[in-house]
Amino acid sequence: MELSRHAERLGYLRYWLAEHHSMPGIASSAPAVLIGAVAAATTTIRVGSGGGVMMLPNHPPLVVAEQFGTLEALHPGRIDLGLGRAPGTDPNTARALRRSADPLSADDFPQQLGELLAFFGGDFPADHPYAPIVATPGRGNQPAMWLLGSSGYSAQVAGILGLPFAFAHHFSAQNTLPALRLYRERFQPSEVLKEPYALVAASVVGADNDERAEYLAARARARDDVAAARPADRLPDPRRSRRVRLHRRRPRLYREPDLALHRRWALDRTRRP
């Protein structure tokens, strides 16, 4: 809660929480609950699901509409609903979440997204089996909706539907520009947006000097380093971790404040036409 209040005092516009499961040290398995708590603890900053995102494969669209419709009703104009395709966990945990061993096909996400939008709008076709269902208080309380991804798939869907798009640069830096270009090419104006609107998520570490920034970034890299081998409930000391995953280093921005801001500005230009 204190971090979200501090971000608000610094003038940040958004504070997003990820969805991850079965990961000790990451307390965001219930993003809707955390979003409500953070929104109640702040006054102006927008709060929502992002990063690991609210994963549609883990939640029936009706439940998402009810949960986020409630949040929007409690905190009007301050809730962002970021949606993604990945389960946010390992395959075994994903099966436990879905209560099914069957994998999701590429066609499931557009269908689930369409159902979610229809629950918010109350506009299922009259002959649809879900037409009599009322998402309460979801109907009429749709929050700002974002599609998030690290490839061109979600970029295309976001463009076709005329929705905002957020790209995970920290996961897939090499695909950032191609995905944003694809989003703009496929964009169709909608009731939500008249022109493309994109956000680029980068991993940034800042400190008073280069040495401190390097140390903090090394701690984060060391955490990534050991995560695949064993659960970690705290950031490890990088001096005890010899393995380095170089492909995760490249997207991370870390330096003293002036240089970090300059590099962030340069990255920000990539999301503009």
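The term pLDDT stands for the predictor's confidence in each residue, on a scale from 0 to 100. The model is predicted, and its protein chain has an average pLDDT of 80. A score of at least 70 is reached by 73% of the residues.

**Confidence**

- Over residues 241–256 the pLDDT falls below 50.

**Salt bridges: overview**

- Side chains of opposite charge can pair when their charged atoms come close.
- The whole structure contains 4 salt bridges.

- Glu2 and Arg5 are joined through their side chains by a salt bridge, with 3.5 Å from N to O.
- Helix H1 covers residues 2–9, and because Glu2 and Arg5 are 3 residues apart in it, about one helical turn separates them.
- Glu2 is partly exposed, since its relative accessibility is 44%.
- Arg5 is also partly exposed, with a relative accessible area of 30%.
- A network of salt bridges links Glu2 and Arg5 with Arg9.

**Salt bridges at Asp80**

- Asp80 forms a salt bridge with Arg14, and the closest N and O atoms of this pair are 3.0 Å apart.
- Arg14 is partly exposed, with a relative accessible area of 27%.
- Asp80 has a relative accessible area of 0% and is therefore buried.
- Asp80 forms a salt bridge with Arg46 as well, where the closest N and O atoms are 2.8 Å apart.
- Arg46 is in strand S2 (residues 46–55) while Asp80 is in strand S3, so this pair connects parts that are 34 residues apart in sequence.

**Aromatic pairs: Phe119 and Tyr130**

- There are 8 aromatic pairs in the structure.
- One of them is the stacked pair of Phe119 and Tyr130, with 5.9 Å centre to centre and 25 degrees between the planes.
- Phe119 sits in helix H5 (residues 108–121), whereas Tyr130 is in the loop between H5 and strand S4 (144–149), so the pair ties together parts that are 11 residues apart in sequence.
- Phe119 counts as buried because its relative accessibility is 3%.
- Tyr130, in contrast, is partly exposed, with a relative accessible area of 31%.

**Aromatic pairs: Phe165 and Tyr183**

- Phe165 and Tyr183 make a tilted aromatic pair, with 5.5 Å centre to centre and 35 degrees between the planes.
- Phe165 lies in strand S5 (residues 165–168) and Tyr183 in helix H7 (residues 176–186), so the pair joins parts that are 18 residues apart in sequence.
- Phe165 is buried, with a relative accessible area of 0%.
- Tyr183 counts as buried too, at 1% relative accessibility.
- Phe165 and Tyr183 belong to one aromatic cluster with Phe167 and Phe187.

Methods. Residues numbered from 1 in each chain as written. Heavy atoms only, no water. Contact = heavy atoms within 4.5 Å. Helix = DSSP H or I, 4+ residues; strand = E, 2+ residues; numbered from the N terminus. Buried < 20%, exposed > 50% of the residue type's maximum accessible area, 1.4 Å probe, protein only. Phe/Tyr/Trp six-rings, centres within 6.5 Å; stacked < 30°, edge-to-face > 60°.
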